[in-house]
Amino acid sequence: MIFAGKVKQRVARDIQGLMFRCSANCCEDNQASMQQVHQCIERCHAPLAQAQALVTSELERFQDRLARCTMHCNDKAKDSIDAGNKELQVKRQLDSCVAKCVDDHMHLIPTMTKKMKESLSSIGK
């Protein structure tokens, strides 16, 4: 998905920048032990991992919803074939049903993108 890549890229760069600056600050502490520096760096990396998990989860949820919709279309097509309808007619119904699934889910993308951006903007603050 193109939009997901753009969201990931923009947000990931911001969070990565924070993460690397934070990690560099950890290394600047001359009083800290190696273990303390390592723990500090791990804390710096946590927001990026959290952001990646959030985006992955949201995209998986979207894909699951789309998959369920298309599975429903397949079930309807199988039922229609079992009822004796002609294959060409069933194929057209299936194509129409799947196209509607895609259209319906495309309308969800702006809301999902907004939700992800809001959630991601609160990470690391």
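**Note on the disulfides, helices and salt bridges of a predicted model**

1. The link between Cys26 and Cys40 is left-handed, with -70 degrees about the S-S bond. Cys26 lies in helix α1 (residues 2-28) and Cys40 in helix α2 (residues 34-82), so this pair ties together parts that are 14 residues apart in sequence. The two residues are joined by a disulfide with an S to S distance of 1.9 Å, where a disulfide is taken to be a pair of cysteine sulfur atoms within 2.5 Å. Cys26 has a relative accessibility of 5% and counts as buried, the term buried meaning under 20% relative accessible area, exposed over 50%, and partly exposed in between, with a 1.4 Å probe and protein chains only.

2. Residues are numbered from 1 along each chain as its sequence is written, and side-chain values use heavy atoms, with hydrogens and water left out.

3. As to the overall fold, the protein chain has four helices and zero strands, and reading along the sequence gives the pattern α-α-α-α. Helices (H or I, at least four residues) and strands (E, at least two) are DSSP runs, numbered from the N terminus. Of the 125 residues of the protein chain, 26% count as buried. Among contacts between residues at least 6 apart in sequence, 74% join residues at least 24 apart, a contact meaning heavy atoms within 4.5 Å.

4. How many disulfides does a search of the whole structure find? The search finds four disulfides, and when the bonded cysteines of the protein chain are numbered in sequence order, the pairing is 1-4, 2-3, 5-8, 6-7. Cys27 deserves a separate remark, as its sulfur is 6.5 Å from the closest cysteine sulfur, in Cys26, which is too far for a bond.

5. Cys69 and Cys101 form a disulfide with their sulfur atoms 1.9 Å apart. This pair links distant parts of the chain, 32 residues apart, with Cys69 in helix α2 and Cys101 in helix α3 (residues 87-106). The torsion about the S-S bond of Cys69 and Cys101 is about -85 degrees, so this disulfide is left-handed, and Cys101, at 1% relative accessibility, counts as buried. Cys73 is joined to Cys97 by a disulfide with an S to S distance of 2.0 Å. Because Cys73 lies in helix α2 and Cys97 in helix α3, the pair ties together parts that are 24 residues apart in sequence. The link of Cys73 and Cys97 is also left-handed, with -80 degrees about the S-S bond; Cys73 is buried at 2% relative accessibility, and Cys97 is buried with a relative accessible area of 17%.

6. Helix α4 (residues 109-121) has 13 residues that should span 18 Å at 1.5 Å a residue, and its end C-alpha atoms are 18 Å apart, which agrees; the expected span is 1.5 Å times one less than the number of residues. Ile109, Met112, Thr113, Met116 and Leu120 are buried in α4. These residues cover an arc of only 100 degrees around the axis, which puts them on the same side of α4, the arc being that of the directions from the helix axis to the C-beta atoms. On the other side of α4, Pro110, Thr111 and Lys114 are exposed.

7. The structure holds five salt bridges, each being a side-chain nitrogen of Lys or Arg within 4 Å of a carboxyl oxygen of Asp or Glu. In helix α3, where Lys91 and Asp95 are four residues apart, about one turn of the helix, their side chains meet in a salt bridge (3.0 Å, N to O). Asp104 forms a salt bridge with Lys100, the closest N and O atoms being 2.9 Å apart. The side chains of Lys114 and Glu118 meet in another, at 3.9 Å, N to O.

8. Which residues does Lys115 touch, not counting residues up to four places away in sequence? Lys115, which lies in helix α4, touches Glu58 and Arg61 on that count, and Glu58, Arg61 and Lys115 are linked in a network of salt bridges. The C-alpha atoms of Lys115 and Glu58 are separated by 9.3 Å, although these residues are 57 residues apart along the chain. Lys115 counts as partly exposed, at 42% relative accessibility.

Conventions
This is a predicted model: local features need pLDDT of at least 70, side-chain atom pairs count only at pLDDT 80 or more; totals for chains, interfaces and linings use all residues.
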